[in-house]
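Morning, everyone. Please look at the structure on the screen, and I will walk you through it.

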Amino acid sequence: MFESLHNIFILPWQDARLVFWPLILQGMLVSCALGLLGCFLVVRGMSLLGDALSHAVLPGIVIGFLVANHFGTASLHSPWILVGATAMGLVAAVLVELVRKQSRVKEDASLGIVFTTLFAFGVILVSRYAGQADLDPGCVLYGNIEYFTSLDGSLPDGVIPMAVILSLLVLGIIVFYRPLLITTFDPSLAVSVGIAVGVAHYGLMTALSLTIVASFEAVGAILAVGLLIVPGATARLWTDKLGRMLWFTVAFSIVSTLAGYWLSHRSNLNSSAGACIAAAGFGMFVVSWLIAPHAGLLSRWLVRRRLRRKIELENLIKTIGELTPVAANPPAVDAEALRRELHFTPGQLRRVLDRATTAGLLETSAAGITLTTTGKARQQRLAHAHLAWEAYLQEHLGLPADHVHDAAEWIEHYLHTDKLAAIAPATEPR
Amino acid sequence: MNALSTSDAPAMEVHDLTVSYHRRPVLWNVDLAVPAGTLVGIVGPNGAGKSTLIKAVMGLLPLSSGWVQVFGSPIDTMRKKVAYVPQRESVDWTFPVTAMDVVLMGRFGHVRWWQRIGRHDREIARESLAKVGMLGFADRQISNLSGGQQQRVFLARALAQQSDLYLMDEPFAGVDAATESAIMTLLQELRTAGKTVLVVHHDLQTAEQYFDMLILLNMRLVAFGPTAEVFTPTLLQQTYGGRLTILSEVADAVARAERGEKETLRNGITTPEKL
């Protein structure tokens with residue numbers, strides 16, 4: 001009895017202490033490194049270059065592996081693999097530029113040509129030498145974060161190199177932030193002040209190849225691209241400043257790693273951790289798309305709803321004014337007549353009336369609806385705006401009288417007091 | 001040339017400059033010596049090579065022949081003395097930076113890569129924004145600015161570079177009348193302060209009143225001189241005159257020859273077998 005309880009509640013956490021946290025650390029390092037680089041790709045409009053490089057480095061991996069094998073240190077953690085793949089990434093970046101500049105082929109096609117060719121070359125190498133070397137293409141493509149697991153609780157093999165790469169990246173971004181910013185935003189200005197655009201580009205490509213290769217064993221080539229672009233693209237929805245975008249990216253990378261691990265290990269999904277991290281990242285993108293402060297669908301919907309409500313309210317007040325004869329003590333307006341005039345549904349009218357009453361613009365009695373003093377002032381300002389705009393259109397745009405009413409009907413809701421004073425100094429409210 | 005004469009060197013000197021795009025020459029054998037302290041307009045029809053001229057001076061394009069000097073020295077040694085304002089459309093205005101960030105980029109050439117952008121640089125950037133009437137928009141993301149405001153930000157960035165020679169590519173393109181007159185006032189202030197300003201300009205009607213000197217360009221230098229002397233019907237006719245000039249026909253022939261086609265021009269010039 002006690003033993004089974006122990007198995008259910010205690011053992012997983014002991015496992016967690018031994019295995020789980022190093023894996024999470026590994027995932028965070030990978031996704032932060034990829035995410036930070038991805039920010040620059042996103043703002044440069046080069047997101048697909050990550051995809052290209054992740055495929056194009058395959059021959060470099062194989063060559064590096066064969067070199068390592070030759071020296072008798074064959075392992076997927078051999079530095080030769082990082083060197084070979086980074087060099088191949090740089091070759092790919094140079095080839096893409098070369099094909100683009102020296103032929104009629106545009107950049108997207110140039111990417112397509114270079115990365116598939118290099119990948120094909122890599123596949124040929126793998127099939128040719130697979131017998132001699134224990135290289136698993138599946139691991140390169142799909143990754144296996146558990147590969148890093150070491151059951152004795154020490155740090156997994158990949159953590160230290162990944163931590164070094166992330167530190168170098170952060171240092172590089174801090175030191176070279178200005179050149180990266182200026183060569184990205186305005187390359188011609190960069191050249192004109194003597195900053196080497198090519199060095200910045202190829203520097204970024206080298207860092208990208210290195211990071212992608214180092215991430216392969218954890219998440220695989222295909223998912224690496226997801227971790228590269230999704231956090232940066234999500235961060236872009238939350239801020240309009242590049243510096244803050246980098247911080248948001250780090251936050252999203254960490255949160256999606258945690259959520260991904262939870263999905264993979266704690267839920268019943270029991271699936272590849274790398275895939276779950278990427279899926280969690282996409283989830284965060286969708287949530288951000290909905291709720292981000294300015295770019296989000298929700299905030300845009302709220303802005304439009306506020307505007308629609310304002311227009312409804314103003315149309316109500318204006319129509320009450322139109323249905324009321326000019327008198328010292330005007331009679332109340334019948335709700336049904338008002339509704340027909342406005343083409344509102346009964347429910348809509350009730351809601352608008354409620355909002356107007358709450359705002360103190362009108363009062364409802366047994367006799368009907370009357371505007372309060374505030375309501376009258378608002379109604380006069382609207383009428384003023386309407387007349388002023390009609391006059392302005394007739395006078396300055398030379399529109400015939402029958403053209404101006406509908407235009408003014410629409411624009412009166414948008415004319416603020418200062419604009420109004422500018423266009424119609426002499427027009428009197430009715 | 002001795003040391004004394006360099007102080008009298010022209011603000012910008014171009015000698016026998018030829019520039020090609022994809023082997024097709026677009027600017028032929030241009031000679032220019034722009035004196036310091038002048039406000040110069042570069043005018044000519046579409047495709048005349050106006051932008052190409054200032055890009056070539058800035059070293060943004062490779063030269064097919066000739067050389068460029070700024071205040072008597074090669075451009076690479078004089079980068080701090082020259083500010084370049086590219087066409088507004090050349091950058092991505094949805095980029096996540098504020099107007100202030102863009103203007104601060106004008107200071108990047110003045111600080112070493114390990115140095116920080118300091119208070120002094122921010123002060124200069126703020127002053128520059130104020131001069132173009134954009135200080136109130138310093139923290140706006142640049143996509144929230146109108147076309148005229150974006151152009152003002154670009155000018156503020158050039159001001160922040162505190163250079164002696166300003167090369168501007170169509171600063172009046174697509175801006176409102178208020179911005180145009182604000183820019184013009186600014187350019188005159190720069191000239192009064194002894195700076196040299198070259199402006200690629202599209203509108204012939206205003207060119208005459210805006211500039212001290214004009215560069216009339218149509219693939220070659222048609223004329224360069226004080227506005228009163230070169231803004232003449234004859235020279236303008238030569239610049240804008242009618243149909244394709246012989247130069248663009250030859251340029252086409254060069255491009256065709258590079259593609260491997262052999263062809264005889266209408267007027268009997270045979271493309272060279274090999275260039």
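Start at the hairpin of strand 1 and strand 2 of chain B. Two residues lie between the strands, and His22(B) takes a positive phi near 45°. This is a predicted model, so keep that in mind throughout.

Strand 1 of chain B covers residues 12-21, and strand 2 of chain B covers residues 24-34. They run antiparallel, joined by seven bridges. Which residue stands opposite Tyr21(B) in strand 2 of chain B? Arg24(B) does. Further along, Met12(B) has Val34(B) as its bridge partner in strand 2 of chain B.

Strand 1 of chain B has another partner to look at. Strand 4 of chain B, residues 65-70, pairs with strand 1 of chain B in the antiparallel sense, over five bridges. There, Val14(B) stands opposite Val68(B) of strand 4 of chain B.

In chain B, four strands make an open sheet in the order 2-1-4-5, with antiparallel pairing. Which strands are at the edges? Strand 2 and strand 5 of chain B, the latter at residues 73-74. Each of these edge strands pairs on one side only.

Strands of a sheet pair through backbone hydrogen bonds, and the pairing is either parallel or antiparallel.

Next, the six-stranded sheet of chain B. This open sheet has the order 6-7-8-3-9-10, and its pairing is mixed. Strand 6 (82-85) and strand 10 (221-226) of chain B stand at the edges. Each has a single partner strand, so one side of each is left without a neighbour in the sheet. From one strand to the next, the twist averages 15°.

Strand 7 of chain B, residues 165-169, and strand 8 of chain B, residues 196-200, run parallel. Five bridges join them. Leu165(B), for one, has Thr196(B) as its bridge partner in strand 8 of chain B.

What packs on this sheet? Helix 1 of chain B, residues 50-58. Helix 1 of chain B touches strand 3 (39-43), strand 6, strand 7, strand 8 and strand 9 (213-217) of chain B. The direction of helix 1 of chain B makes about 140° with that of strand 7 of chain B.

Over to chain A, and to how its helices pack. Take helix 2 (residues 47-56) and helix 5 (residues 107-129) of chain A. Their axes are 7 Å apart, at an angle of about 20°. That makes helix 2 of chain A roughly parallel to helix 5 of chain A. The crossing of these two helices is left-handed. Helix 2 of chain A brings Leu48(A), Leu49(A), Ala52(A), His55(A) and Ala56(A) to the contact. Helix 5 of chain A brings Leu111(A), Val114(A), Phe115(A), Leu118(A) and Phe119(A). By type, these contact residues are nine nonpolar, one polar and no charged.

Here is another helix pair. Helix 13 (residues 297-323) and helix 16 (residues 373-396) of chain A cross at roughly 95°, and their axes come within 9 Å. Helix 13 and helix 16 of chain A are therefore roughly perpendicular to each other. On helix 13 of chain A, the residues are Glu314(A), Ile317(A), Lys318(A) and Gly321(A). They meet Gly375(A), Arg378(A), Gln379(A), Leu382(A) and Ala383(A) of helix 16 of chain A. This contact divides into three nonpolar, three polar and three charged residues.

Now, where the chains touch. How many residues of chain A are in contact with chain B? There are 19, and they are in contact with 17 residues of chain B. On the chain A side, helix 8 (177-185), helix 9 (187-192) and helix 11 (242-266) each give two or more residues. That side divides into 10 nonpolar, four polar and five charged residues.

Last, confidence. Chain A has a mean pLDDT of 80, with 82% of its residues at 70 or more. Helix 8 of chain A has the highest confidence in the chain, at 91, while helix 6 of chain A (residues 137-142) has the lowest, at a mean of 58. Over residues 8-19 of chain A, pLDDT stays under 50, and the model has six contacts beyond four places in sequence there. Residues 147-151 of chain A also stay under 50, with 13 such contacts.

Key:
Residues are numbered from 1 along each chain as its sequence is written. Chains are lettered from A and ligands numbered from 1 in the order in which they are written. This is a predicted model: local features need pLDDT of at least 70, side-chain atom pairs count only at pLDDT 80 or more; totals for chains, interfaces and linings use all residues. Axes are lines fitted to C-alpha atoms, for helices over the stretch in contact, and angles run from 0 to 180 degrees between N-to-C directions. Angles under 35 degrees count as roughly parallel, over 145 as roughly antiparallel, 65 to 115 as roughly perpendicular and the rest as oblique. A crossing is left-handed if the near helix is turned anticlockwise from the far one by less than a right angle, and right-handed if clockwise. Two residues are in contact if their C-beta atoms, placed from the backbone, lie within 7 Å. Ala, Val, Leu, Ile, Met, Phe, Trp, Tyr, Cys and Pro count as nonpolar, Asp, Glu, Lys and Arg as charged, and the others, Gly among them, as polar. Two strands pair if DSSP finds at least two bridges between them. pLDDT is the predictor's confidence in each residue, from 0 to 100.
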